[in-house]
Amino acid sequence: MEHPITILNKLYGREREIRAMLKSFEHISSGHGQVLLVPGSSGVGKTALIQELQKPVQDRNGFFVRGKFEQYQQNVPYLAFRQALVELYRELQTDDSKQRNRLKVDILQAIGNLGQVLVDLVPESELFLGTQPPLEDVSPQEARHRLADVFRNFLKVICRPEHPLVLFMDDWQWADSASIDLLKQIQIGIA
């Protein structure tokens, strides 16, 4: 008689790393921003390790969204950021209308007349934010700084103790330079 094979969804030998991630999550759940980088070679289980956070985040009424850089799409600026934000906007649309409207007002207040920056980055955001005023033309360098400022202000509104956010970005080795610069600017803004 054959016995079925059972595959367990538990990581073994990563208890220390899981504790460190949960400690970081507790830190962000109290209203502090943090960037956590998980280094390692391909195939060692970094993605599975990070996914251990998904349940604790959901238990705290938080957002766990992900984006993934792709080897053959390195020429697409902000690819993983776009993917994660599309997922976040979908989750925001499921909040009750009172909470959604309060969040929308808070976001629009935080980003001022620069909402089109988010719409240009993630067209789906217009469903949540509404039509935004056109942007003033600026140099490419100023546009990158403007994006970083708007994104930081957006995150300050979204990342609240009642709704902590884990923004999981996978496969940074395939990231475009604009995404790496945005990560650096976000990290500086929350430190």
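Here are some questions and answers on how the labels for this predicted model come about.

The model is predicted, so local features need pLDDT of at least 70 and side-chain atom pairs count only at pLDDT 80 or more, while totals for chains, interfaces and linings use all residues. Residues are numbered from 1 along each chain as its sequence is written, and side-chain values use heavy atoms, with hydrogens and water left out.

Q: Why is Leu22 called partly exposed?
A: Buried means under 20% relative accessible area, exposed over 50%, and partly exposed in between (1.4 Å probe, protein chains only). Leu22 comes in at 31%, so it counts as partly exposed. Leu22 is found in helix α1 (residues 15-29).

Q: What is Leu22 in contact with, leaving aside its neighbours within four places in sequence?
A: Contact means heavy atoms within 4.5 Å. On that basis Leu22 is in contact with Leu53 and Pro56.

Q: What makes a nonpolar core, and which residues have the most contacts inside the largest one?
A: A nonpolar core is a set of buried Ala, Val, Leu, Ile, Met, Phe, Trp, Tyr and Cys residues joined through side-chain atoms within 4.5 Å. The largest has 35 residues, and Leu88, Tyr89, Ile107, Phe154 and Ile158 have the most contacts inside it. Apart from it lies another core, of 11 residues, including Met21 and Leu49.

Q: Why is β2 described as largely enclosed?
A: Of the 6 residues of β2, 5 are buried, so the rest of the structure largely encloses it. As for the name, strands (E, at least two residues) and helices (H or I, at least four) are DSSP runs, numbered from the N terminus.

Q: How do you know that β1 and β2 pair?
A: Two strands pair if DSSP finds at least two bridges between them. β1 and β2 have 6 bridges, in the parallel sense. Lys68, for instance, has Asp170 in β2 as its bridge partner.

Q: What span is expected for α5, and what does it reach?
A: The expected span is 1.5 Å times one less than the number of residues. α5 has 15 residues, with 21 Å expected, and reaches 21 Å from its first C-alpha to its last.

Q: Which residues of α5 are buried, and where do they sit around the axis?
A: They are Leu103, Asp106, Ile107 and Ile111.
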